[in-house]
Amino acid sequence: MRHLIGIEDLSVGEIENLIAVAEDIIANPKKYNKVAEGKKLATLFYEPSTRTRLSFESAMMELGGNVLGFSEAQSSSAAKGESVADTAKVISCFADIMVMRHFKEGAPMVASLNATVPVINAGDGGHNHPTQTLTDLLTIKMEKGRFNNLTVGLCGDLKFGRTVHSLITALSRYTGINFVLISPEELKIPEYLKDEVLDAKGIPYREVTDLEAVIGELDILYMTRVQKERFFNEQDYIRLKDIYILTPNKLRHAKEDLCIMHPLPRVNEISVSIDKDPRACYFKQVLYGKYIRMALIKMLLEEADK
Amino acid sequence: MTVDSIKNGFVIDHIKPGNGMKIYKLLGLEALNCPIAIIQNALSHSMGVKDIIKIDADVSLDTAILGYVDPDVTVNVIKESKIVDKYHPGLPRELVNIVKCKNPRCITTTEQELDHIFRLTDESKRVYRCIYCETASKK
């Protein structure tokens, strides 16, 4: 049974196939509106999510399928003490595919080891969020037309930001990628990512603290939110939360075709006055997320039927 | 110091000094009733000093534990007082319930029945990561 737990579960070829299918869905949506007819998607959300859950539900509906599920742990059997393994076995009796978000890292992996239908990880704590990475990749393809020869700036919380880690891993498979890692000292990317991905593959990168000094070099600027829920000490959060705020003034030196991305939700790290700038891609990114999830659901359902 | 030779069993040699007791505990040797010798800080031509464990019984040895703690040890298999096999365990690909995940956010902290499984992700640095949350193990 095929699952998607981390982005590395997909080969470069499979990712490119998914992106090609998503592009075709964008161009010919009617062609796909019966792909999942008679199928059910279960959304098991043990922690709150608006965008990801609704994106999956919308994707399944546009494929002609149905959805069922829960949106918080308190309304599931987890509140009665049921294990993730047992929940996965039970839900396999009701649905053809399941999507799980869980506050514990590795929970979707446990589900995949026990389910008899495909499991998609929709975010497990600060660990993986592979469909966000697929969303980011489709956005880059749609906006820049390529995955190679790009200078990619990642800004903000690079330590706890799971989307950043997955995107670095995914883009490191392509040639001509140059990373500019913009963060305060306390929120630099983890050493293991440098050792096992960037250094291991010989990918050029720089760690800097000043966004304005490097913004003119970037083809892509990926902004992130400093996440309050990842800090044990509130004082550290307060000190760091407003460290990078993208304003029209800072964009003065940026390239005309810069692509500004953000996994959302945004707090204040991108000024709302930038939303109308043609370089702001973060709301288009949300829409692309639905299309890539449609392509993924289609792929996993087809593989399960084989 | 004299330690008798053994008839059927194992001599685990070239253990880095200090790892002898760790291996003894992880292999669960205290539960055995056979004669067992732990020699610490024995003189060694190649290592200066080393630890040695002798087990005088044909028990089942978990080479994954040996490989994880000290992959360069030499395991001598003794039958009828003769060495019939000699090998280095090397780094195991997977560790099952040998080390526990220390990440408080890992699913293994709340679901007690789960096996703690670590896989080798960086052979040169001997890094093992939890299959669930990818946190590196700490020896």
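How many residues apart are A:Asp236 and A:Arg239 in helix H9 of chain A? Here is a friendly walk through that pair and a few other places worth a look. Please keep in mind that this is a predicted model.

1. **A pair within one helix.** A:Asp236 and A:Arg239 are 3 residues apart in helix H9, which covers residues 234-240 of chain A, so about one helical turn separates them. Their side chains form a salt bridge, with the closest N and O atoms 3.2 Å apart. Both partners are partly exposed: A:Asp236 has a relative accessible area of 28%, and A:Arg239 has one of 48%.

2. **Another pair in chain A.** A:Asp277 and A:Arg279 also meet through their side chains in a salt bridge, at 3.0 Å from N to O. In this case the arginine, A:Arg279, is buried, with a relative accessible area of 13%.

3. **A link between two strands of chain B.** Which parts of chain B does the pair of B:Glu94 and B:Arg119 tie together? B:Glu94 and B:Arg119 form a salt bridge whose closest N and O atoms are 2.7 Å apart. B:Glu94 lies in strand S6 (residues 94-96) and B:Arg119 in strand S7, so the pair ties together parts that are 25 residues apart in sequence. Each end is partly exposed, B:Glu94 at 33% relative accessible area and B:Arg119 at 41%.

4. **A network, and the overall count.** Salt bridges with shared partners join A:Arg2, A:Glu14 and A:Glu303 into one network. Over all chains, the structure holds 28 salt bridges.

5. **Where the chains meet.** On the chain B side, 19 residues are in contact with 19 residues of chain A. The two chains bury about 1,400 Å² between them, and carbon and sulfur atoms give 50% of that area. Within chain B, the residues that lose the most area to chain A are B:Arg105, B:Ile107 and B:Tyr132, which together account for 41% of what that side buries.

6. How many salt bridges are found across the interface of chain B and chain A? There are 2. The side chains of A:Glu196 and B:Arg129 meet in a salt bridge, at 2.8 Å from N to O. Strands S7 (117-122) and S8 (127-130) of chain B each supply at least two residues of the side that touches chain A. By class, that side of chain B has 8 nonpolar, 4 polar and 7 charged residues.

7. For B:Cys106, the nearest cysteine sulfur is that of B:Cys133, 3.7 Å away. B:Cys133 has its own closest cysteine sulfur in B:Cys101, at 3.5 Å, which is too far for a bond, because a disulfide calls for sulfur atoms within 2.5 Å. Are B:Cys106 and B:Cys133 buried or exposed? B:Cys106 counts as buried, at 0% relative accessibility, and B:Cys133 is buried too, with a relative accessible area of 5%.

Notes
Residues are numbered from 1 along each chain as its sequence is written. Chains are lettered from A and ligands numbered from 1 in the order in which they are written. This is a predicted model: local features need pLDDT of at least 70, side-chain atom pairs count only at pLDDT 80 or more; totals for chains, interfaces and linings use all residues. Side-chain values use heavy atoms; hydrogens and water are left out. Contact means heavy atoms within 4.5 Å. Buried area is the accessible area (1.4 Å probe) that two parts lose on being put together, summed over both. A salt bridge is a side-chain nitrogen of Lys or Arg within 4 Å of a carboxyl oxygen of Asp or Glu. Helices (H or I, at least four residues) and strands (E, at least two) are DSSP runs, numbered from the N terminus. Ala, Val, Leu, Ile, Met, Phe, Trp, Tyr, Cys and Pro count as nonpolar, Asp, Glu, Lys and Arg as charged, and the others, Gly among them, as polar. Buried means under 20% relative accessible area, exposed over 50%, partly exposed in between (1.4 Å probe, protein chains only).
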